[in-house]
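The following paragraphs lead the reader through one protein model, from its overall build to individual residues. Please keep the sequence and the structure in view while reading.

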Amino acid sequence: GQGKYAIVAAGEAHVLLRLPREGYIENIWDHSGALVVEEAGGKVTDTDGRPLDFSEGMSLNPSVKGVVVTNGALHDEIIAALKEAKYGDWSV
């Protein structure tokens with residue numbers, strides 16, 4: 001719940017990844033803590049690095065496959081690692 005966002009905002013955690021099962025559509029109320037994190041200097045995006053869009057009704061856009069919440073400093077690295085895991089070369 002929202003307590004996890006508060007933990008990141010307070011600096012007690014650096015990263016929160018929400019990676020739900022395939023086909024799950026995120027509800028906006030599950031991410032209302034995003035404002036608290038951002039006000040504390042953190043960053044909240046989807047797993048592709050796009051800001052969350054709360055203007056589409058009670059759910060986030062179905063294209064959102066997960067949410068990344070960070071202290072801000074690690075955000076770009078986490079997004080890059082997720083993209084590499086998703087699109088990387090697994091033939092090695």
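Helices (H or I, at least four residues) and strands (E, at least two) are DSSP runs, numbered from the N terminus. By this definition Leu-74 belongs to the loop between strand 3 and helix 3. The model is predicted, and local features need pLDDT of at least 70, side-chain atom pairs count only at pLDDT 80 or more, while totals for chains, interfaces and linings use all residues. Residues are numbered from 1 along each chain as its sequence is written, and side-chain values use heavy atoms, with hydrogens and water left out.

The protein chain contains three helices and three strands, which follow one another from the N terminus in the order α-β-α-β-β-α. Its radius of gyration, taken over C-alpha atoms, is 13 Å, close to the 12 Å that the globule rule (2.2 Å times the number of residues to the power 0.38) gives for 92 residues, so the chain is as compact as a globular protein of that length. The C-alpha trace spans about 40 × 30 × 20 Å along its principal axes.

Burial is judged by relative accessible area: buried means under 20%, exposed over 50%, and partly exposed in between (1.4 Å probe, protein chains only). On this scale 27% of the 92 residues of the protein chain count as buried. The chain exposes about 5,800 Å², of which carbon and sulfur atoms supply 57%; these areas come from the Shrake-Rupley method with a 1.4 Å probe, and for residues only the protein chains shown count as cover. A contact means heavy atoms within 4.5 Å. Among contacts between residues at least 6 apart in sequence, 65% join residues at least 24 apart.

The charged side chains comprise 8 positive and 14 negative ones, and the centres of the two sets lie 5 Å apart. Lys and Arg count here as positive and Asp and Glu as negative, whereas His and the chain ends are not counted. The place of each charge is taken as NZ of Lys, CZ of Arg, CG of Asp or CD of Glu.

The interior can be described through its nonpolar core, a set of buried Ala, Val, Leu, Ile, Met, Phe, Trp, Tyr and Cys residues joined through side-chain atoms within 4.5 Å. The largest such core has eleven residues: Tyr-5, Val-8, Leu-16, Ala-34, Val-37, Val-44, Leu-52, Leu-60, Val-64, Val-67 and Val-69. Helix 1 (2-9), helix 2 (34-39) and strand 3 each supply at least two residues of this core. Leu-16, one of its members, touches Lys-4, Tyr-5, Val-8, Val-67, Val-68 and Val-69, not counting residues up to four places away in sequence.

The loop between strand 2 (43-46) and strand 3 (67-70) includes Thr-47. Thr-47 counts as buried because its relative accessibility is 12%. Leaving aside residues up to four places away in sequence, Thr-47 touches Leu-19, Lys-65, Gly-66, Val-67, Val-68, Ile-79 and Leu-82. Asp-48 lies in the loop between strand 2 and strand 3 and, at 23% relative accessibility, counts as partly exposed. From C-alpha to C-alpha, Asp-48 and Ala-80 are 8.7 Å apart in space, although 32 residues separate them in sequence.

Ala-73, in the loop between strand 3 and helix 3, is exposed at 64% relative accessibility. Leu-74 is partly exposed at 28%. Beyond its neighbours within four places in sequence, Leu-74 is in contact with His-14 and Val-15, and its C-alpha lies 9.2 Å from that of Lys-43, 31 residues apart in sequence. His-75 lies in helix 3 (residues 75-87) and is buried, with a relative accessible area of 1%. Apart from neighbours within four places in sequence, the contacts of His-75 are Lys-43, Val-44, Thr-45, Val-68 and Thr-70.

Two wider separations complete the picture. Glu-12 is placed in the loop between helix 1 and strand 1 (15-18) and is exposed, with a relative accessible area of 66%. The C-alpha atoms of Glu-12 and Ser-63 are separated by 30 Å, with the two residues 51 apart along the chain. For Ala-73 and Arg-21, 52 residues apart along the chain, the C-alpha separation is 27 Å.
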